[in-house]
Amino acid sequence: MAVTIIKALCVVVTCMVLSAPYAEAAITCGQVVSKMLPCLAYLRTGGALPPPCCSGLKSLNAATQATPDRKTACGCLKTAYTQYAGINPSNAVGLPAKCGVNLPFKFSPDIDCSKVH
């Protein structure tokens, strides 16, 4: 009986290890953009941060704890950066610090999202 349980556990662990590199992101670009839309005015013109902006950024950070989610969020933000005209690069790079959030990547159109971990 104990041998059967150990064999079953070994199979489960092996499957987990083999499938880990193929994990898919749970977050979508729609979710990323909706969390960041309250920040758009600040990203364009600076000034006071609306509270929903930092709430959205904190929520985004909490939702991107796994590497696939971080890479997806990075790519979504990189695309959004070019789709929403007028974003000031200094405002974008400084936003996480102003909200007290430590993102694992910079909010920049030049970031290489493949290097995000």
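What is the handedness of the crossing of α2 and α5? The crossing is right-handed (left-handed would mean that the near helix is turned anticlockwise from the far one by less than a right angle, right-handed that it is turned clockwise). The protein has six helices and zero strands, and its elements run α-α-α-α-α-α from the N terminus on. Helices (H or I, at least four residues) and strands (E, at least two) are DSSP runs, numbered from the N terminus.

This is a predicted model, in which local features need pLDDT of at least 70 and side-chain atom pairs count only at pLDDT 80 or more, while totals for chains, interfaces and linings use all residues. Residues are numbered from 1 along each chain as its sequence is written, and side-chain values use heavy atoms, with hydrogens and water left out.

**Overall**

- Of the 117 residues of the protein, 32% count as buried (buried is under 20% relative accessible area, exposed over 50%, partly exposed in between, with a 1.4 Å probe and protein chains only).
- Among contacts with a separation of 6 or more, 78% join residues 24 or more positions apart (contact means heavy atoms within 4.5 Å).

**α2 against α5**

- Helix α2 (residues 29-36) packs on helix α5 (residues 67-83) at an angle of about 60 degrees, and their axes are 9 Å apart.
- Axes are lines fitted to C-alpha atoms, for helices over the stretch in contact, and angles run from 0 to 180 degrees between N-to-C directions.
- The two helices, α2 and α5, are therefore oblique to each other (under 35 degrees counts as roughly parallel, over 145 as roughly antiparallel, 65 to 115 as roughly perpendicular and the rest as oblique).
- On the α2 side the contact is made by C29, V32, V33 and M36, and on the α5 side by A73, C76, L77 and A80.
- The residues of this contact of α2 with α5 comprise eight nonpolar, no polar and no charged (Ala, Val, Leu, Ile, Met, Phe, Trp, Tyr, Cys and Pro count as nonpolar, Asp, Glu, Lys and Arg as charged, and the others, Gly among them, as polar).
- A80 lies in α5 and is buried, with a relative accessible area of 9%.
- Not counting residues up to four places away in sequence, A80 touches V33 and I87.
- A80 and V32 are 48 residues apart along the chain, and their C-alpha atoms are separated by 9.5 Å.

**α6 and its surroundings**

- In helix α6 (residues 89-99), the residues N91, A92, L95, P96 and C99 are buried.
- Seen down the axis of α6, these buried residues fall within an arc of 140 degrees, so they line one face of the helix (the arc is that of the directions from the helix axis to the C-beta atoms).
- S90, A97 and K98 are exposed on the other side of α6.
- The cover over the buried residues of α6 includes α2, α3 (40-45), α4 (51-63) and α5.

**α4 against α6**

- α4 and α6 pack at an angle of about 90 degrees, with 10 Å between their axes.
- That makes α4 roughly perpendicular to α6.
- C53, C54, L57 and K58 of α4 meet L95, P96, K98 and C99 of α6 in the contact.
- The contact of α4 with α6 divides into six nonpolar, no polar and two charged residues.

**L49**

- L49 is in the loop between α3 and α4 and is partly exposed, with a relative accessible area of 23%.
- Leaving aside neighbours within four places in sequence, L49 is in contact with Y42, C54, L95, K98 and C99.
- L49 and P38 are eleven residues apart in sequence and 9.1 Å apart in space, C-alpha to C-alpha.
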